[in-house]
Amino acid sequence: MPVPLIERYRDRLPLEAGDPVVSLNEGSTPLIEAPRLSERLEVRTFLKFEGGNPTGSFKDRGMTVAVSRAKGRGAEAVICASTGNTAASAAAYAARAGLRGAVIVPEGKIAIGKLAQALMHGARVVALQGNFDEALQIVRELADKHPIELVNSVNPYRIEGQKTAAFEVVEELGEAPGALAIPVGNAGNVTAYWRGFQEVDAAPILYGFQAEGAAPLVHGSPVANPETVASAIRIGNPARWEEAMAAITDSRGRIAAVSDDQILDAYRWLASSEGVFCEPASAASVAGLFAYGLPVVDGAEPPESVVCVLTGHGLKDPDTALSKAPSVINCENDLSAVERAVFD
Ligand code: AN7
């Protein structure tokens, strides 16, 4: 039987006894061995495909816990700011729980699939004439002022749910990976993985990657006008800044930036060489390994395995896919014309 994430890890999650389980059977996502990537990186490499979650991103892990707790304490509505995936996930879990949902997204800057999800699940979708960081500031103030539950990753239950991905990685490999590569935006997920690993006495090297035009953690200061093709991580002032940097430092890892071209190259390469279609932000994890390899601190052994977290599904963002993919071949309805189109 399919298992809701909360049932699978109930003893390690801080829910109250009376809380309902608001679930779409999230988690238990595929860990896919990546032979061509392993060959290129010269290390055994796996892809943790979080696009396999019910709404197509890792956000569902946090949302099942945050929305279950919200419902348990009697909330009637949830709200978030979002670059898209949190909005899609919050809208779906709110619908599931019978709660009202409102999502504030940067106008014109979220992938079309995510917008379709949020709208279809019945959330009130507000397109802000501003960026994600500004939207987050506004929802924080709204949640202080009104009886509405904030379900961004500043909500502690989100991090608790998301840490379960680290449990799954260790369970599936039968041991901790040597390293884990992960895209970093608002910095909740890298914080969550580190917590999860620590809870099972694992300590892989964490390699965090930001997009060059949205790399506050790399520069050491907020970015006022973040820009990147990877709209999910177009974030200039991460909410979990200190915890994320502590996780990376404690793991003896690194945070580094990758360009949009490097992200898009890795995005296409993963789809065409491994058969795995993730969204552009997710490909930052692989782009970073291509760009920097697997550096270690002085004297340390190089990792023997690496897991790349592919945070969201490629179908989320068909516009970027189609603008970067080869063209369709139009063809008249005729056998020899089709023959030429297929074989020439
Ligand atoms: C595909 O949906 O912030 O570092 O509002 O959608 O935990 O923020 C999304 C983030 C990586 C970065 N990959 O994770 C949002 C949002 C994908 C994402 C990240 C996001 P965090």
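How far does a polar side-chain atom of Ser-82 lie from an oxygen atom of the ligand? The distance is 3.0 Å.

This is a predicted model, in which local features need pLDDT of at least 70 and side-chain atom pairs count only at pLDDT 80 or more, while totals for chains, interfaces and linings use all residues. Residues are numbered from 1 along each chain as its sequence is written, and side-chain values use heavy atoms, with hydrogens and water left out.

**Around the ligand**

There are 23 residues around the ligand (a heavy atom within 4 Å). Nearest come Asn-85, Asn-186, Ala-187, Asn-189 and Thr-311. Asn-85 has a polar side-chain atom 2.7 Å from a ligand oxygen atom. Ala-187 uses its backbone instead: an N or O atom there lies 2.7 Å from an oxygen atom of the ligand. Such polar contacts are pairs of N or O atoms within 3.5 Å.

**Helix pairs**

Two packed helices are described by the angle between their axes and the distance between the axes. Helices here are DSSP runs (H or I, at least four residues), numbered from the N terminus. Axes are lines fitted to C-alpha atoms over the stretch in contact, and angles run from 0 to 180 degrees between N-to-C directions.

| Helix pair | Angle | Axis distance |
|---|---|---|
| Helix 3 (residues 59-72) and helix 4 | roughly 40° | within 9 Å |
| Helix 4 (residues 85-97) and helix 5 (residues 112-120) | roughly 20° | within 8 Å |
| Helix 9 (residues 188-199) and helix 11 (residues 241-250) | about 50° | 8 Å |

Angles under 35 degrees count as roughly parallel, over 145 as roughly antiparallel, 65 to 115 as roughly perpendicular and the rest as oblique.

Take helix 3 and helix 4. Their angle makes them oblique to each other. Contact means heavy atoms within 4.5 Å. On helix 3, the contact residues are Lys-59, Asp-60, Met-63, Thr-64, Val-67 and Lys-71; on helix 4, they are Asn-85, Thr-86, Ser-89, Ala-90, Tyr-93 and Ala-97. By class, five are nonpolar, four polar and three charged. Ala, Val, Leu, Ile, Met, Phe, Trp, Tyr, Cys and Pro count as nonpolar, Asp, Glu, Lys and Arg as charged, and the others, Gly among them, as polar.

Helix 4 also meets helix 5. These two are roughly parallel, with a left-handed crossing. Asn-85, Ala-87, Ala-88 and Ala-91 of helix 4 touch Lys-114, Gln-117 and Ala-118 of helix 5. That contact has four nonpolar, two polar and one charged residues.

Helix 9 and helix 11 cross in a left-handed way. Val-190, Thr-191, Trp-194 and Arg-195 of helix 9 contact Glu-243, Ala-244, Ala-247, Ile-248 and Asp-250 of helix 11.

Terms used
A crossing is left-handed if the near helix is turned anticlockwise from the far one by less than a right angle, and right-handed if clockwise. A polar contact is a pair of N or O atoms within 3.5 Å; within protein, one must be able to donate a hydrogen and the other to accept it, and residues adjacent in sequence count only if both atoms are side-chain atoms.
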